[in-house]
Amino acid sequence: MTLIVERTDARTWPDEQLRELFSEGFPEFITADRLAKQYIGRIREWFADLDLTLVDERGLPVASGWGIPIRWDGRTETLPTGYTQAVVRAVEGREQGVEPDTLVICGAIVTPSLKGRGLAGEMLSALRLLAEGAGWSRVIAPVRPTSKARYPLASVEAFMGWTREDGMALDPWIRTHQRLGARILAAAPRSQIMTGTIAEWEQWTGMVFPETGDYVIPDGLSLLRVDRLADRGTYVEPNVWMQHV
C-alpha cells in the first residue's frame, strides 16, 4: 500500500469516507469530557498542523491521528494528569506565550477493515516526525489501553504491568507504541472525567441504570458511578503515559 501523509484540513473528506474511518473509533461517551470541550475549538484552530491523515493510492483516508504541543521538563512527577490536562496545558501555554518542547500524541485511528496491517504504527511515526521537524525533544502519549475494558475492576497501575510470555504488554495498543520504541512512564488514573445525566448515559451505553451504584459499561476502562438522586453519571477514564523520545 502506498501511503501519503496529509494535514487533515488539506481537503474536504466525503462523509461516507469519514464514517468508514471512524466507524469503530472511540466510544460515544468520550465526548462527555466537559472540560476538554471548552478547549477543543482552540486546539483545532491553533494546532491544525498536528492533525494528520494517511491517504492510500486511491485517495482514501485509511488512518488519522493528532497531537498537541506542551512544555514539559521530562520528569514523571510533572506530567499532566492525563489527556484533559494536556489539552488545557497546550491551550494555556499558547495563550501565555510558553514555548513548547514536547509533542503529546492524543489519538490515532485506523479504518477497521485495514487493522493489523501496521497503519497505526505508520500514523504514530508520522506524528513523531512532526515533533522532530519542530525541534521538540520529547514525544509522549496518554495511551488508552483498549483491552482494559475486559478488566474494568483492575487498577490501571496493575493492568499496565501485565505482559505476555514474550515480555510485551498484554494490551495491543500499548504494544503498538512499544514496537516503535516507546516505554511506559506512569499511570494516568484520572486522564479524563466524563459526566452526563442518567438519560444520556443510557443513550451512550444502551443500558438502563435503575439504582444508584457502580456499573460496568461497554468499552469502559473503569466503572460508571451513577447517582440517581442527582441524576448524574460520572466515569473516570484511566490512561497510561508512554514516552517515544
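User: What does S222 touch, leaving aside its neighbours within four places in sequence?
Analyst: S222 is in contact (heavy atoms within 4.5 Å) with P152, Y235, V236 and P238, once its neighbours within four places in sequence are left aside. This is a predicted model, in which local features need pLDDT of at least 70 and side-chain atom pairs count only at pLDDT 80 or more, while totals for chains, interfaces and linings use all residues. Residues are numbered from 1 along each chain as its sequence is written, and side-chain values use heavy atoms, with hydrogens and water left out.

User: Where is S222 placed, and is it buried or exposed?
Analyst: S222 sits in the loop between β7 (213-215) and β8 (224-227), where strands (E, at least two residues) and helices (H or I, at least four) are DSSP runs numbered from the N terminus. It counts as buried because its relative accessibility is 15%; buried means under 20% relative accessible area, exposed over 50% and partly exposed in between, with a 1.4 Å probe and protein chains only.

User: Which backbone oxygen lies 2.5 Å from a polar atom of the S222 side chain?
Analyst: That is the backbone oxygen of V236, a residue that is also in the contact list of S222.

User: OK, switching to aromatics. How many aromatic pairs does a search of the whole structure find?
Analyst: The search finds nine, where rings of Phe, Tyr and Trp (its six-membered ring) pair if their centres lie within 6.5 Å, and planes under 30 degrees apart count as stacked, over 60 as edge-to-face and the rest as tilted. W201 and W204 form an edge-to-face pair, with 4.9 Å from centre to centre and 85° between the planes.

User: Why are W201 and W204 separated by about one helical turn?
Analyst: They are three residues apart in helix α7 (residues 198-205), so about one helical turn separates them. An α-helix has 3.6 residues a turn, so residues three or four places apart point the same way. Both W201 and W204 are buried, and together with F29 and Y235 they form one aromatic cluster.

User: And the cores, how many residues has the largest nonpolar one?
Analyst: The largest nonpolar core has 50 residues, and those with the most contacts inside it are I68, L103, V104, M123, I140 and W241; such a core is a set of buried Ala, Val, Leu, Ile, Met, Phe, Trp, Tyr and Cys residues joined through side-chain atoms within 4.5 Å. Its largest share, seven residues, comes from α4. Apart from it lies another core, of 14 residues, among them M194, W201, W204 and V226.

User: What does I140 touch beyond four places in sequence?
Analyst: Its contacts include I70, W72, L79, L103, V104, L185 and W241.

User: Now α3: what span should it have?
Analyst: At 1.5 Å a residue, the 13 residues of α3 (residues 83-95) should span 18 Å, and the end C-alpha atoms are 19 Å apart, which agrees; the expected span is 1.5 Å times one less than the number of residues. The buried residues of α3, including Y83, T84 and V87, pack against α2 (34-46), β3 (61-70), β4, β5, β6 and β9.

User: Why does T84 count as buried?
Analyst: T84 counts as buried because its relative accessibility is 8%. Not counting residues up to four places away in sequence, T84 touches D33, L35, A36, S191 and Q192.

User: Last one, what follows α3?
Analyst: G97 follows α3, with a positive phi near 75°.

Technical notes. A polar contact is a pair of N or O atoms within 3.5 Å; within protein, one must be able to donate a hydrogen and the other to accept it, and residues adjacent in sequence count only if both atoms are side-chain atoms.
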